[in-house]
Amino acid sequence: MFSFFQKKNKVSDIEWLGIDIHSHLLPGIDDGAKTMEDSLKYIHRLQELGFSKLICTPHIYSDIYPNTPETILPVLQSVQQQVKSAGITVELGAAAEYMAQSDFVAAEGLLTLSGNYILIEMSYLVETPNIEQIIFDLQVKGYQVILAHPERYNFYHKLPERYQRLKDSGCLMQMNLLSVLGYYGKSVQIIAENLLQKNFYDLAGTDLHHDRHLASLSSAVTDGTLYKKIGDYGFRNKEIFG
Ligand SMILES: [Fe+2]
């Protein structure tokens with residue numbers, strides 16, 4: 001029954017999503033935030049926009065960003081300390097965004113968002129030929145696989161059946177918020193909108209790397225554009241990671 005006191009979603013913040021599960025906010029370890037100052041600025045602003053929890057997911061990509069828990073977790077700790085000293089109350093965690101290239105090994109002890117949820121991505125240029133095998137191997141190891149930004153893989157744009165096969169493999173799908181804002185171009189936006197219509201996505205993330213991402217996200221949140229586009233979609237971020 002409708003209650004006068006029922007909390008309604010606000011159109012000009014992002015509390016309706018509440019938790020970011022994909023971001024590059026840890027300084028100096030990938031192509032995201034460069035300095036501690038950047039990190040604190042991004043984290044503070046994301047909290048102001050309405051996030052209560054941010055999971056940082058630095059790239060782990062052996063050729064370019066050979067991160068490991070040993071390079072990621074101490075940086076997380078320093079940022080957490082700085083965040084606390086700055087009086088920022090947002091909860092901050094870290095996992096990784098694993099590049100699922102063809103020689104990827106589904107090992108034990110990979111960094112997970114929480115529980116057994118692992119975030120993977122592919123190159124934007126070419127499909128990983130054995131992507132389904134990699135997903136299967138991870139599942140056999142007990143991971144729940146989340147595929148980052150499927151709408152950004154241009155090689156799938158004319159192959160809707162490939163999207164469906166990956167979905168049918170039991171992979172959860174994470175959309176980038178900036179995709180529906182046209183940040184990555186019209187074709188990515190159209191695919192994201194099509195996939196939203198098909199109820200394809202489970203989760204959403206900022207995939208925030210730098211100032212330009214923050215500026216686009218910030219204006220679309222505060223002027224209500226983002227809420228209007230996807231505020232009622234029903235992303236499961238809070239349900240799974242809250
Ligand atoms: Fe990312």
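Begin by selecting helix H1 (residues 36-49) together with helix H2 (residues 69-85): in this predicted model, the two helices pack with their axes 10 Å apart, at an angle of about 60 degrees. An angle counts as roughly perpendicular from 65 to 115 degrees and as roughly parallel under 35; H1 and H2 are therefore oblique to each other. Their crossing is right-handed.

Next, display the side chains where these helices meet. On H1, select Met36, Ser39, Leu40 and Ile43; on H2, the residues they meet are Val79, Gln82 and Val83.

Leu54 leads on to the largest nonpolar core, a set of 68 residues. Leu54 is among the members with the most contacts inside this core; to show the others, select Leu25, Leu26, Tyr98, Leu119, Ile120 and Val145.

Now turn to the strands. Six of them form an open sheet with parallel pairing, and the order to follow across it is S3-S5-S6-S7-S8-S9. Strand S3 (59-60) and strand S9 (203-205) are the edge strands, each pairing on one side only.

Within this sheet, select strand S6 (residues 117-121) and strand S7 (residues 144-148), which pair in the parallel sense over four bridges. Which residue in S7 is the bridge partner of Tyr117? Selecting Gln144 shows that partner.

Note on methods
Residues are numbered from 1 along each chain as its sequence is written. This is a predicted model: local features need pLDDT of at least 70, side-chain atom pairs count only at pLDDT 80 or more; totals for chains, interfaces and linings use all residues. A nonpolar core is a set of buried Ala, Val, Leu, Ile, Met, Phe, Trp, Tyr and Cys residues joined through C-beta atoms within 7 Å. A residue is buried if 20 or more other C-beta atoms lie within 10 Å of its own, exposed if 12 or fewer, and partly exposed in between; C-beta atoms are placed from the backbone. Two strands pair if DSSP finds at least two bridges between them. Axes are lines fitted to C-alpha atoms, for helices over the stretch in contact, and angles run from 0 to 180 degrees between N-to-C directions. Angles under 35 degrees count as roughly parallel, over 145 as roughly antiparallel, 65 to 115 as roughly perpendicular and the rest as oblique. A crossing is left-handed if the near helix is turned anticlockwise from the far one by less than a right angle, and right-handed if clockwise. Two residues are in contact if their C-beta atoms, placed from the backbone, lie within 7 Å.
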